[in-house]
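Please look through the structure shown here with the explanation that follows. It takes the salt bridges, then the domains, then the pocket, and ends with some local details of the backbone.

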Amino acid sequence: MKKTKFAIIGNPISHSLSPIMHNYWFKKYKINAEYELLEIDKSEIQNVINKIKNKEIKGINVTLPYKNFIIPFLTKTINDANETHSVNTVMLDDNNNLIGENTDVFGFQAAYLKSIPNQANKKKVLILGAGGVAPSIILALLKSNISDISLSNRTFEKSLFLKKKFKNLNVVKWNDCSKDINKFDIVINATSLGLNSNDKFTNDFSNFKKTLVYIDTIYNPAETKMIKYFKSNKIKTFNGLNMFIYQGQKAFYLWNKINPEVDDELLELLESKLN
Ligand code: ATR
């Protein structure tokens with residue numbers, strides 16, 4: 001029997017571990033399906049959309065730089081995708097409508113917010129970056145009743161754009177991050193800085209609180225320079241692997257109506273593929 005097809009679209013995409021994770025779950029739950037990488041150009045998106053409509057592909061994940069770009073191709077966005085204008089999961093509903101959902105918000109909540117020490121709602125959070133993943137992180141924090149959220153981005157105007165969407169966001173000038181960092185309990189790197197293991201922030205972050213929790217949304221490499229720096233200073237750190245896994249878990253559920261287990265074998269498999 002022909003395998004049901006799933007894919008992730010993005011550009012560049014070769015670093016993505018989504019095929020490994022979904023194919024692991026297909027095997028585990030004996031689903032006759034395969035998940036592949038589609039590194040595509042903007043001009044090829046319509047073609048992929050047509051394949052979903054005619055059921056050649058059952059569902060796709062969407063990653064950079066298309067999380068927002070894909071929206072006009074869809075019938076509608078729902079739930080978190082509606083609130084963030086960021087779509088990472090696409091599927092057809094029973095009436096053949098193309099639905100865009102966002103599972104990054106759930107991914108972030110499921111991955112970290114349970115690990116943050118008590119009274120998380122009183123914590124002050126600083127998000128670095130205003131790119132594709134930032135609105136999902138803001139919404140995940142708000143849904144977890146964390147409302148003291150500041151954001152700083154190298155290009156200031158992009159922070160203001162997010163403030164239009166999330167009115168209570170505090171915007172911090174990029175050059176003020178160094179002196180202000182000691183005000184924050186949680187710092188989250190939502191920039192792409194760190195994807196190359198030599199990437200380094202030019203800001204000086206040494207003025208941090210001793211109880212700081214540092215979260216990097218990057219999972220490959222497993223340890224960015226920032227994670228190494230904070231770890232060596234005895235700060236609790238997380239990389240983006242759990243967020244990645246839990247966004248995938250929810251996407252898998254939306255497509256297959258099975259909530260796949262995050263077991264040790266999967267964790268080992270994914271960790272073995274990281275740099
Ligand atoms: P996009 O900005 O196209 O949505 P992204 O990968 O989602 O792409 O976002 C990249 C993020 O990393 C942005 O916040 C970007 O800051 P700018 O808006 O100023 O470009 C940030 N970023 C990338 N390289 C950076 C660097 N060297 N220093 C600081 N921030 C950086």
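**Salt bridges, domains and a pocket**

A search of the whole structure, which is a predicted model, finds 10 salt bridges. One of them pairs K28 with D263, and the closest N and O atoms of this pair are 2.6 Å apart. The two residues belong to distant parts of the chain: K28 is in helix α1, which covers residues 18-28, while D263 is in the loop between α9 and α10 (264-272), and 235 residues separate them. Another salt bridge is formed by K143 and D80, with 2.7 Å between the closest N and O atoms.

Domain 1 is made of two stretches, 4-102 and 242-272, and domain 2 covers 106-239. By these bounds, K28 and D263 both fall in domain 1, whereas D80 falls in domain 1 and K143 in domain 2. Across the interface of the two domains the rule finds 1 salt bridge.

How far apart do the C-alpha centres of domain 1 and domain 2 lie? The distance is 25 Å. In the contact between the domains, 17 residues come from domain 1 and 18 residues from domain 2. Together the two domains bury about 1500 Å² between them, and 64% of this area is on carbon and sulfur atoms. On the side of domain 1, T84, M243 and Y246 supply 36% of the area buried against domain 2, more than any other three residues.

The next feature is the largest pocket, with a volume of about 1200 Å³. Its lining has 42 residues, and those closest to the centre of the pocket are L64, T191, S192, L195 and I218. Two elements give two or more residues each to this lining, namely β3 (59-62) and α9 (241-256). The largest share, 3 residues, comes from α9. By type, the lining residues divide into 17 nonpolar, 20 polar and 5 charged.

Some local details of the backbone remain. Most residues other than glycine have a negative phi, and most peptide bonds are trans. The peptide bond from L64 to P65 is cis, with omega near 0°. L64 has already been named among the residues closest to the centre of the largest pocket, and P65 is in the loop between β3 and β4 (76-77). A cis peptide bond also joins N11 and P12, where omega is about 5°. P12 is found in the loop between β1 (4-10) and α1. H85 is not a glycine, yet it has a positive phi of about 55°. This residue, H85, is in the loop between α3 (79-84) and β5.

L92 lies in strand β5, residues 89-92. Setting aside neighbours within four places in sequence, which residues is L92 in contact with? They are I52, K53, K55, K58, N97 and L98. By contrast, L92 and K158 are 32 Å apart in space, C-alpha to C-alpha, and 66 residues apart in sequence.

Definitions and conventions. Residues numbered from 1 in each chain as written. Predicted model: local features only at pLDDT ≥ 70, side-chain atom pairs only at ≥ 80, totals over all residues. Heavy atoms only, no water. 1 Å grid on protein atoms, 1.4 Å probe; cavity = no way out; pocket = protein on both sides within 12 Å on 5 of 7 lines; lining within 4 Å. Points joined across faces, edges and corners; volume = space filled by probe spheres on them. Helix = DSSP H or I, 4+ residues; strand = E, 2+ residues; numbered from the N terminus. Nonpolar A, V, L, I, M, F, W, Y, C, P; charged D, E, K, R; others polar. Domains from an automatic or database assignment. Contact = heavy atoms within 4.5 Å. Buried area = accessible area lost by both parts, 1.4 Å probe. Salt bridge = Lys/Arg side-chain N within 4 Å of Asp/Glu carboxyl O.
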